[in-house]
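User: Please bring up the model. I would like to go through its side-chain contacts and strand pairing.

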Amino acid sequence: MSSSRSANHDPQGPDPQQRRLLRVCRIGRAQGLKGEVNVYACTDEPERRFAPGSQLQTRDGQVFTVVSSRRFKQRWIVLFQGVEDRNASEALNGIELYTQADPAEELAQEDAWYPDDLIGLKVRMAPGNSLGEPSGRVVGQVSDVLDGVAQQQLQIRMTVEDGDEETEGLIPFVEALVPQVDIENGYVAIDPPGGLLPGLG
């Protein structure tokens, strides 16, 4: 899976003709006295997004330029240009930062998708799945894409035997469990372990 799978589409961009915005991070508490902030990444490409010189923006277009960054446990510590003391860094707490999406052709080459590309896709069992289910059997539909600490999860509205859709389950959006995404034909293929999703295994 490309790390771009974790890109988050902001559907409320100010101009539909502009590139889509991808949510990169949420700024947390101040770190120390020199303007650094704790940052919680929403991307699997933090080394790229937080590289010195990188520019991120708020939804309304305010630009933040990265001066330096370093990883610390499950978060990053970042210094932005113009944020020079603790008071300035504390004022940033809670701000979400975005970057413009890469061109669609590049994303296609990287095997990457936006959440709104995935919502509504049918969920089929992958060929040779570990549960022994028939290949291609439709078991539900993607109803949402949720952010997790380590990776995103697909929320699936499961189809029960009589055809009614009445229960939901979550599956981590990783290649081992979601080996195929076919936007053109409108489905994802899954290979979950037994007990992960309601009614399977």
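**Contacts and strands**

User: How many aromatic pairs does the structure hold?

Analyst: This is a predicted model: local features need pLDDT of at least 70, side-chain atom pairs count only at pLDDT 80 or more, and totals for chains, interfaces and linings use all residues. Residues are numbered from 1 along each chain as its sequence is written, and side-chain values use heavy atoms, leaving out hydrogens and water. Rings of Phe, Tyr and Trp (its six-membered ring) pair if their centres lie within 6.5 Å. The number of aromatic pairs in the structure is 2.

User: What kind of pair do the rings of F50 and W76 form?

Analyst: Planes under 30 degrees apart count as stacked, over 60 as edge-to-face and the rest as tilted. The ring centres of F50 and W76 are 5.7 Å apart. Their planes meet at 55°, so the pair is tilted.

User: Which parts does the pair of F50 and W76 tie together?

Analyst: Strands (E, at least two residues) and helices (H or I, at least four) are DSSP runs, numbered from the N terminus. The two residues are 26 apart in sequence. F50 lies in the loop between α1 and β4 (55–57), and W76 in strand β6 (residues 75–80).

User: Is F50 buried or exposed?

Analyst: Buried means under 20% relative accessible area, exposed over 50%, and partly exposed in between (1.4 Å probe, protein chains only). F50 has a relative accessible area of 1%, so F50 is buried.

User: What kind of pair do the rings of F64 and F80 form?

Analyst: The ring centres of F64 and F80 lie 5.5 Å apart. F64 is in strand β5 and F80 in strand β6, 16 residues apart. F64 is buried at 5%, and F80 is buried at 1%. The planes of F64 and F80 stand at 75°, so the pair is edge-to-face.

User: How many salt bridges does a search of the whole structure find?

Analyst: A salt bridge needs a side-chain nitrogen of Lys or Arg within 4 Å of a carboxyl oxygen of Asp or Glu. One of them joins E96 and R23, at 3.8 Å from N to O. That pair links distant parts of the chain, E96 in strand β7 (residues 96–100) and R23 in strand β2 (residues 21–31), 73 residues apart. The search of the whole structure finds 8.

User: Which residues are linked in a network of salt bridges?

Analyst: E45 and R48 meet at 3.3 Å, N to O. E45 is buried at 14%, whereas R48 is partly exposed at 35%. The network links E45, R48 and R49.

User: Where do R71 and E47 lie?

Analyst: The side chains of R71 and E47 form a salt bridge of 3.0 Å, N to O. The pair ties together parts 24 residues apart in sequence, because R71 lies in strand β5 (residues 63–72) and E47 in helix α1 (residues 46–49).

User: Which residue in β10 is the bridge partner of V142?

Analyst: Two strands pair if DSSP finds at least two bridges between them. Strand β9 runs antiparallel to strand β10 (residues 153–159), with 6 bridges joining them. Strand β9 (residues 138–146) also pairs with strand β8 (residues 122–125), antiparallel over 3 bridges. In β10, the partner of V142 is I156.
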